[in-house]
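Here's a quick briefing for anyone meeting this structure for the first time. Have a look at the model, then read on.

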Amino acid sequence: MNVVYEKTRGLTDVPLSYCPGCTHGVIHKIVGEVLVELGILEKTIAIAPVGCSVLAYEYFNCDGIQASHGRAPAVATGVKRAMPDKIVFTYQGDGDLAAIGMSEIVHAAHRGENITVIFVNNAIYGMTGGQMAPTTLNNMKTTTTPKGRTTVVGMPLKVSEMLSQIPSVTYIERVSSHDVANVKKAKISIKKAFTYQMEGKGFSMIEILSSCNIGYNLSPVESLGFIKNAMIPYYPLGVYKDVPND
């Protein structure tokens, strides 16, 4: 019998802790597939910080390290410098990377660390109760902005646009997980980022627009529509920097 489809070896058999309808599982799947397809699974080290992905080191079938909240890029820097032959990536949410971890991501990018960052942006704090995040859209209701976010607290942070201005950055792209076509594109981008690390080209980040149907108080299908109709207009998809191809 021909095998049409099988679960990637890039993931363990540990049940995912993510809420039903969340696209973290889809993103895990394509990252795991990329690690296998590139033949780097056995030499990869995943850095899991605090947030919805706090247990990611149990899901990826490679070595993993738990980092303090926001500190994944700093931990990844130490691991990569100590073991430059390893492939090192961080898997971070927008609350982790763009709030408490902003210093770490900016300085890792400025140093041009040869690591890969998987940045999952769902525009809300998912794990801690649906509070406003740095990436929460204007007028978006959260548990801490029940009447909607206003510009009094600042504009939603565009991380890809910001980091793309750093001279030491090699590759920045924003993709989405709201439908099959975009998931396929996201996988291509993730593979490219890991390939650049394998080639020693420096710092890469893939920002993936994701959903949090529980935090949005929407159905899983409606939350995918929220990505398409609300998030993408403010966070346009595309390549923001690609030094090897510029």
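In this predicted model, glutamine 92 has phenylalanine 119 of strand S4 as its bridge partner. That pair belongs to a parallel pairing of S3 with S4 (residues 116–121), made over five bridges.

**Strand S3 and its neighbours**
- S3 also runs parallel to strand S1 (residues 44–48), and four bridges join the two.
- Isoleucine 47 has threonine 90 in S3 as its bridge partner.
- Seven of the seven residues of S3 (residues 87–93) are buried, so the strand is largely enclosed by the rest of the structure.
- Ile87, Phe89, Tyr91 and Gly93 point one way from S3, while Val88, Thr90 and Gln92 point the other way.
- In a regular strand, side chains alternate between the two faces of the sheet.

**Nonpolar cores**
- The largest nonpolar core has 31 residues, and Val31, Phe60, Phe89, Ile118, Ile190 and Phe194 have the most contacts inside it.
- Elements giving two or more residues to this core include S1, S3, S4 and helix H7 (180–198).
- H7 gives the most, with six residues.
- Another core, of 24 residues, lies apart from that one, and among its members are Leu97, Ala98, Ile172 and Met205.
- Setting aside neighbours within four places in sequence, isoleucine 190 touches Ile30, Val31, Val34, Ile118, Ile206 and Ile208.

**A helix pair**
- Helices H3 (residues 72–82) and H5 (residues 102–111) pack at an angle of about 35°, and their axes are 8 Å apart.
- H3 brings Pro73, Ala74, Thr77 and Arg81 to the contact, and H5 brings Glu104, Ile105, Ala108 and Arg111.
- Those contact residues split into four nonpolar, one polar and three charged.

Terms used. Residues are numbered from 1 along each chain as its sequence is written. This is a predicted model: local features need pLDDT of at least 70, side-chain atom pairs count only at pLDDT 80 or more; totals for chains, interfaces and linings use all residues. Side-chain values use heavy atoms; hydrogens and water are left out. Buried means under 20% relative accessible area, exposed over 50%, partly exposed in between (1.4 Å probe, protein chains only). Two strands pair if DSSP finds at least two bridges between them. Axes are lines fitted to C-alpha atoms, for helices over the stretch in contact, and angles run from 0 to 180 degrees between N-to-C directions. Contact means heavy atoms within 4.5 Å. Ala, Val, Leu, Ile, Met, Phe, Trp, Tyr, Cys and Pro count as nonpolar, Asp, Glu, Lys and Arg as charged, and the others, Gly among them, as polar. A nonpolar core is a set of buried Ala, Val, Leu, Ile, Met, Phe, Trp, Tyr and Cys residues joined through side-chain atoms within 4.5 Å.
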